[in-house]
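Open your viewer and keep the selection panel handy.

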Amino acid sequence: MSALPLHRRHGVRLSFRYLIAALLVVIFCFPVYWLFIISFKTPDEIFAFPPVWYPESIQFSNYKVLFKDGDAATVGNSLILASVSTFFAMIFGTIAAYSLVRFKTGGENLAVWIISQRMMPPVAIVFPIFLLYVWLGWVDSYFGLIILYTAFSLPYVIWMMRGYIEDIPLELEESALVDGCTRWEVLWKVVLPMARSGLFATAVFTFIFAWNDFLFALVLTRTEVTTYTVQVTHYFGGQSNFWAKIAAMSVLGTIPVFFTVAVMQRYLVRGISMGAVKG
Amino acid sequence: MSDLKITNLHKHYGAFHAVKGIDLDVPSGEFTVLVGPSGCGKSTLLRTIAGLEETSSGSIEIGGKDVTWARPRDRDIAMVFQNYALYPYLNVKDNIAFGLRARKFAEAEVEKRVARAAEMLGIGHLLTRFPRELSGGQRQRVAIGRAIVRDAILYLFDEPLSNLDAQLRDDMRVEIKRLHKELKRTMIYVTHDQIEAMTLADRIVLLRDGLIEQQGTPLDLFERPKTRFVAGFLGSPKMNFVPATLTAAGVKLADGTALELPGRSGLKAGQAVMLGLRPQHIAMAGTHLAKGHVRVPVVIELVQPTGSRVQATMPLGGTSIIAELGAHDVSRPGEKAEIDIDMTRAVLIDTTSDKII
Ligand SMILES: Nc1ncnc2c1ncn2[C@@H]1O[C@H](COP(=O)(O)OP(=O)(O)OP(=O)(O)O)[C@@H](O)[C@H]1O
Ligand SMILES: [Mg+2]
């Protein structure tokens, strides 16, 4: 038996919960804060002890260097590779998924085989692909990496879109067919709008996969299409200010993803739960 | 001229034979109802006409053109689906306009037609709403609007009212009948509701197990059924079937009751038959049936009032039969009564072939 009256006990428990929540927020947000803050520090501040929790002045010299030396262009490379490959993976993946669902293309087995391709560890195929690309002359080209990212994302896109398309009532498509649409028009005017949330959610994950890829980019690029993930690793070495560059580059790499997710949040939540209901 | 001509149509789903050789000729402007029990192939037949299912063998002509292998969009048909099939991401206006736009109508023409269809269906004030903001009845009106906005040769309906409650269904039935009178188009309507079939149809096509059991006007099928199945399917409450044996002058029931059959000749005495009696052709003694009736004493088993009438269950010749009596004729089980059976309307069914004699 507690001596406190019921409403007081409730109050205590509530404040305790807030305390825990606040603590968790700090634990989770601190690394992100630290990353951002380092990118705004001077070299002296970075190595100061005790650490500088909050710099005197926010200064952008770390970023200026990245842009002046052209290192920041690697973020642009990542952006081009990720968005173009996502675009193609979504187009071909959605068409393939529609075919699997509506025409039972390849029966049950083809769909399973496709997703099994996704289970292949990238490191198991990256060196054979490197040899192939050397032979084809595709190493260190946008084209080569876009093809690779597209191919690597396709199983995921097909698998996800298959689930979303299966949820579309057949009558909607049949009605459109009777109303005068061709199959392609049905895909464009009925299937895409109906699967919109799922489509966006899948596209975001596909984009993030290509955006964050390190292995393929490391092996298959040299100097022309270096991605930001590879660029970050170049800063490990003797330079005195490498922490600043790592931090600034990482921030540049985080921002596009952050905005993508923020803008797409509505669809992400709906798209993910849509898939959860079925298949 | 006939708008639809089906010749020896078969449909297989894998090993399953769903439509087993159907011939059908639908004249211009007719309202044809396909009716039959669940699973008899009504939807399959309709969907094959629409081109949504591939024909296994046979041929389909729409408006004089062979469309057996044509795509749905090339068949000049419009269709209303059971679950409305409205596009949730389009408002009512765009839903109705969908088919016109798919066929590249000029936007001015689209506006004009949508407005006219909406007015016809009384949904003019709903044009900017989305399907989720509509009631079931309103949704069905939009679905119908989407079909009638186009000039199709053939309008197909697959159980369009089955998702509505009873009251709404009655209203929409009247509405559809009125639309048909106004538009004078050829319509094919699938239902398993025999009231819908009777009230809407110019012609009923009664299907059973993938075959046409009988076709004709509603009254034709009701009054002159060719088989026991047809006799039992149409009418509410259902026709009563009482086992009997033919005699020279009429029939003898299992318990020995003899009933005279006036105006029948050439009956084979001794043949086992089913005596078919409609509940409407049985009345309380002396109430209103014309001559040609026989009077039988019965004990009432069960009373189900419907308001205007009462459905009374009673034994006759060893089976229970239902009679539709006046609302105040009987009131409780156990009551003794005398009934008149109109034997001029009775049907006799050969028990071996299930055909009407
Ligand atoms: N895609 C299919 N694959 C296999 N069998 C099917 C398919 N569609 C329908 N059938 C079968 O064909 C038969 C006829 O089906 P159909 O849908 O035409 O019946 P229906 O008369 O419309 O029945 P209901 O009144 O219940 O709608 C049924 O036995 C059904 O199981
Ligand atoms: Mg059906």
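**Between the chains**

Select chains A and B together: about 1700 Å² is buried between them, with carbon and sulfur atoms giving 58% of that area. Buried area here is the accessible area (1.4 Å probe) that two parts lose on being put together, summed over both. Now pick out A:E171, A:V178 and A:D179, which supply 38% of the area that chain A buries against chain B, more than any other three residues. Counting contacts instead, 16 residues of chain A touch 24 residues of chain B, where contact means heavy atoms within 4.5 Å.

Before moving on, a word on conventions. This is a predicted model, in which local features need pLDDT of at least 70 and side-chain atom pairs count only at pLDDT 80 or more, while totals for chains, interfaces and linings use all residues. Residues are numbered from 1 along each chain as its sequence is written, chains are lettered from A and ligands numbered from 1 in the order in which they are written, and side-chain values use heavy atoms, with hydrogens and water left out.

**Around ligand 1**

Next, center on ligand 1 and show the residues with a heavy atom within 4 Å of it. Among them you will find B:Y13, B:F16, B:G41, B:K42, B:T44, B:E159 and B:H192. By class, this shell has four nonpolar, six polar and two charged residues; Ala, Val, Leu, Ile, Met, Phe, Trp, Tyr, Cys and Pro count as nonpolar, Asp, Glu, Lys and Arg as charged, and the others, Gly among them, as polar.

Which element gives the largest share of the shell? That is α1(B), with three residues. Both α1 (42-50) and β2 (16-27) of chain B supply at least two residues. Helices (H or I, at least four residues) and strands (E, at least two) are DSSP runs, numbered from the N terminus.

Now try the distance tool on oxygen atoms of ligand 1. A side-chain N or O atom of B:T44 is 2.5 Å from one, a polar side-chain atom of B:K42 lies 2.7 Å from one, and for B:E159 the distance is 3.3 Å. The protein covers 61% of the 630 Å² of accessible area that ligand 1 has on its own, by the Shrake-Rupley method with a 1.4 Å probe.

**A hairpin in chain B**

Strands β18 (309-316) and β19 (319-326) pair in the antiparallel sense over eight bridges; pairing requires at least two DSSP bridges. B:L316 stands opposite B:T319. Two residues separate the strands, and B:G317 in the turn has a positive phi of about 55°.

**Backbone stops**

Most residues other than glycine have a negative phi, and most peptide bonds are trans. Select A:K104, not a glycine, to see a positive phi of about 50°. Then visit the cis peptide bond joining A:F49 and A:P50, with omega about 0°. Finish at the cis bond from B:S236 to B:P237, where omega is near -5°.

Note on methods. A polar contact is a pair of N or O atoms within 3.5 Å; within protein, one must be able to donate a hydrogen and the other to accept it, and residues adjacent in sequence count only if both atoms are side-chain atoms.
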